[in-house]
Amino acid sequence: MKESGGRKQGAASPCAACKLLRRRCAHDCVFAPYFPADEPHKFANVHKVFGASNVNKMLQELPVHQRGDAVSSMVYEANARVRDPVYGCVGAISSLQQQIDTLQTQLALAQAEVVHLRVRQTASYSHHGFAPTSPTNSGSPSSNHGSQVKPIFDMDVVMDQASLGEPMWSC
C-alpha cells in the first residue's frame, strides 16, 4: 500500500531524489511519487542532465495528471544524454530512421527482383509457346487453346536488340 506521498506506510525511507540530494523527504515531496527509493539510478541521471531545481520547477508547473508522463520523458531523455551526450534521444531517433531507410531500400530491391524474375519467366514461357502454369492451365501448348493469359503486372517488355534476349522492362 502506498500513501499519497509515494512512500510505503510506516517507512521513513526518503525518495531517491531526496536521498541523492541528502535532504529530508517531506510528506508532500514532489519527487516521491515519481522517483521511488528503490530506483536511485532513475533520478541520478535526471539530476545530472536537468538539475534537481529545474525538475522541481517543471513538475510544479504541470497539472498532477501530466507529471508521470513528464517524468517518463525526462528519464528517457536523461538516459539517452548519458549514453550520447551530444545528440541524446535525437541520435537514437536518427539511427532508427537510417535503419528504416536501409530496410525500405532492401525491400524495394527485393520487390524489383521479384518483378524482374516474373517478367523473365513470362518471356521464357511465351518464347517457348507455353503459358505460365496456373490451376486452370497445365502449361502445355495444347491447354493454351481458347484461353488468354492475363499479365500479372501492367508493364511493357522491350527487347534490346543489342543484347538479344535480355528483356528490359518498364512500368
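**A walk through the model**

Ring pairs tie Phe-31, Phe-35 and Phe-43 together into a cluster. The model is predicted: local features need pLDDT of at least 70, side-chain atom pairs count only at pLDDT 80 or more, and totals for chains, interfaces and linings use all residues. Residues are numbered from 1 along each chain as its sequence is written, and side-chain values use heavy atoms, leaving out hydrogens and water.

Q: How many aromatic pairs does a search of the whole structure find?
A: Rings of Phe, Tyr and Trp (its six-membered ring) pair if their centres lie within 6.5 Å; planes under 30 degrees apart are stacked, over 60 edge-to-face, and the rest tilted. Searching the whole structure that way, the number of aromatic pairs is three.

Q: What is the average pLDDT of the protein?
A: pLDDT is the predictor's confidence in each residue, from 0 to 100. A score of at least 70 is reached by 67% of the residues, and the protein's average is 79.

Q: How many contacts beyond four places in sequence does the model have for residues 1-10?
A: Contact here means heavy atoms within 4.5 Å. Where pLDDT is low, the predicted coordinates should not be read in detail. Over residues 1-10 the pLDDT stays under 50, and the number of such contacts in the model is 17.

Q: Which helix holds both Arg-81 and Glu-77?
A: Their side chains meet in a salt bridge at 2.8 Å, N to O (a side-chain nitrogen of Lys or Arg within 4 Å of a carboxyl oxygen of Asp or Glu). Helices (H or I, at least four residues) and strands (E, at least two) are DSSP runs, numbered from the N terminus. Arg-81 and Glu-77 are separated by about one helical turn because they sit four residues apart in helix H4.

Q: Which residue forms a salt bridge with Glu-39?
A: Glu-39 is partly exposed, with a relative accessible area of 28%. The closest N and O atoms of this salt bridge are 3.5 Å apart, and the partner of Glu-39 is Lys-42.

Q: Where is Tyr-87 found?
A: Tyr-87 is exposed, at 51% relative accessible area. Its place is the loop between helix H4 (64-83) and helix H5 (89-128).

Technical notes
Buried means under 20% relative accessible area, exposed over 50%, partly exposed in between (1.4 Å probe, protein chains only).
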